[in-house]
Structures are given as structure tokens and as C-alpha cells.
Amino acid sequence: IGQQKSPRSYLSGTRAPHDESLTSYLLLPSNHSVLFFRSCFVAACCIVLSLVLFVFPSYRSGRSSPAPATFDRIPARFVALAPTTPSMISNDSCDASMPAAPNTMETSKALSLSELVEKLNEHFEAGTATVECLQTLMGSYDGSMDELRRYVYANKSKPYTRNLVVGGKHYDLMLLCWNPESESPIHDHPEAECVMKAVQGTVLETRYRLEDGDLQQERVTPLAGGATAHIDDNVGVHKVGNPGTELAASVHLYFPPIRSCHVFNEDTGEAICRKCPYDTKYGCRAISG
């Protein structure tokens, strides 16, 4: 009978020592295994240290400075308007002798569109929606085109479009988009108030008073850079237009909502009643009678 060989370890493939049992040898790692696990631990520590020192700081700095919003992906039926900044607005077409546009910016915090709507709802539900209060809210609204872009719609066949942002029994909040060198007819606001705010480009308000059926021009006011204005039938009637060569936009708050108004012939003062339809509602094309 030949010499019996010692059993081999299932882990290392080497012979088990003669002075140890097979069970104790299987439970103890070999020197090669210890070196392997130590190398893995050192490598893992190096990876974690690299992430902490290099990857995480650059990731955080990238999040703190996001790229500016663009309008490249607006649906084709919408026309993008560039965000309003003071440097983009030219006053070359505005007469310096014209009176400054009234601005009711009284609060330190600018309101986003959603915050403006929230404040409007709160005041109308509480019965505290005075003209002065609403002028202050519209003056505090930041007029960001980034929030308004889903409501932007321009029609080359019309001087301007009326795009409903928020509607209800108490008020309508609308975005009006003005084609270049266009204007509205002279019109009134029956039993309603209007506060408007220029959010892109320059819009020109021409105000009139009615005297014995005749229209008497009172003043011409350029509105730009977030300026606001208020009008009702006690103040007078007006027309609004875009004197520039680029698209302009303004946000209008009507309270209560206006369904029809009187349009005046500038030469004769004759008035006819006309409906006030929407061109879009909540960012979608509207079908109005």
C-alpha cells in the first residue's frame, strides 16, 4: 500500500500542515488572502478620498450655478420672448418729456407668478382686494418670462393677442403679446378696473377723456422695465400699443373679468360694443365665438 497523501485545502489548494486538523486549516485564511483583502481596503479608501476631494465639490458648484433658462423647446405655436433685463430695453423711442409711468413697488420681496396668484386669491376671498392693494401686488410681481413662456402666443394677422393665465369670477390675469408697431383700439372698461404691467419691451399707453362725446387726449405714457399703470372708466379710456420693432408683452389684471367693452372711433368719438374673446386659455389655443 502506497503512502497516504495529506488532504488539500479547498481554499488555497496547498497541503494542510501535519500538526493541524483539516477543520482548523479551513477556518484560518492564508497569507495570500490577507494581502488580497488589505489591498482591496486600501484601494477602496483611495476611491472614497478622491470622491470627497474632487468629485463632490465640482458637483456642488455645478448645482449652485445652473445654466440660464432657454426657450429653445417651446412648442412651435408659441413665440418665445427674451427675458426682460434693464439693459435690453431701449428708451430711444420714448420722449423724455413724457411723465414717468406710475410704479407701485412697495414690497422688498419680488413675487413669482405662482406667488402673485396665491396673494390675489387670498385678498379676493378675504374681501381685501382694494385697487391700492392690487396695484402693490402687481408692482411687486417680478414679471419673469420663464414662468410666462407657456402662455406666450403671437398672431401676425392681429395687432395683439389676449392670453388667459388665470381666470375666475373675481378676476382675469392675462398676458397680452403685442406685434411690432401695433396698437389696440381706444376702449373702455365697463364696471371694471385694470392694472397692467410691462414685462417685455415697451408698451405705450395713450389716455383720453370723454367730453360731450368727443375724445380729448390727456397723456401718453411709456411703460417698460416692469412699470405698472391703472385705469378705470372714472379715470378715462385708453389705447395700448407697441411702438418698437420687436415683440412686446404686458400682464393685465382685470377685476372683475371683462366680457365686452366699448370701442371708440378716434376721429368721431362714436362707440360700438365689442366682445373681448381670448386667443389662448391656460397655454392652449382657445375657440371663442
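How many salt bridges does the structure hold? In this predicted model, the structure holds 9 salt bridges. In general terms, side chains of opposite charge can pair when their charged atoms come close. One of these pairs joins Arg 259 to Asp 172, whose closest N and O atoms are 3.2 Å apart. This pair links distant parts of the chain, since Arg 259 belongs to the loop between strand 10 and strand 11 while Asp 172 belongs to strand 2, 87 residues apart.

The largest pocket has a volume of about 430 Å³. It is lined by 25 residues, of which Tyr 160, Arg 162, Ser 184, Pro 185 and Cys 276 are the closest to its centre. By residue class, the lining divides into 13 nonpolar, 6 polar and 6 charged residues. Strand 1 gives the most to this lining, with 3 residues, and the elements that give two or more residues to it are set out below.

| Element lining the largest pocket | Residue range |
|---|---|
| Strand 1 | 160–167 |
| Strand 2 | 172–178 |
| Strand 9 | 237–242 |
| Strand 10 | 248–255 |
| Strand 11 | 260–264 |
| Strand 12 | 271–275 |

Two details of the backbone deserve a separate mention. Most residues other than glycine have a negative phi, and most peptide bonds are trans. Against that background, the peptide bond from Phe 255 to Pro 256 is cis, with omega near -10°, and Pro 256 is found in the loop between strand 10 and strand 11, the loop that also holds Arg 259. Glu 181, for its part, has a positive phi of about 50° although it is not a glycine, and Glu 181 is placed in the loop that runs between strand 2 and strand 3 (182–183).

How values were computed: Residues are numbered from 1 along each chain as its sequence is written. This is a predicted model: local features need pLDDT of at least 70, side-chain atom pairs count only at pLDDT 80 or more; totals for chains, interfaces and linings use all residues. Side-chain values use heavy atoms; hydrogens and water are left out. On a 1 Å grid over the protein atoms alone, a cavity is a set of points where a 1.4 Å probe fits but cannot get out, and a pocket is an open set with protein on both sides within 12 Å along at least five of seven lines; lining residues have an atom within 4 Å of a point. Grid points are joined across faces, edges and corners, and a volume is the space filled by probe spheres set on the points. Helices (H or I, at least four residues) and strands (E, at least two) are DSSP runs, numbered from the N terminus. Ala, Val, Leu, Ile, Met, Phe, Trp, Tyr, Cys and Pro count as nonpolar, Asp, Glu, Lys and Arg as charged, and the others, Gly among them, as polar. A salt bridge is a side-chain nitrogen of Lys or Arg within 4 Å of a carboxyl oxygen of Asp or Glu.
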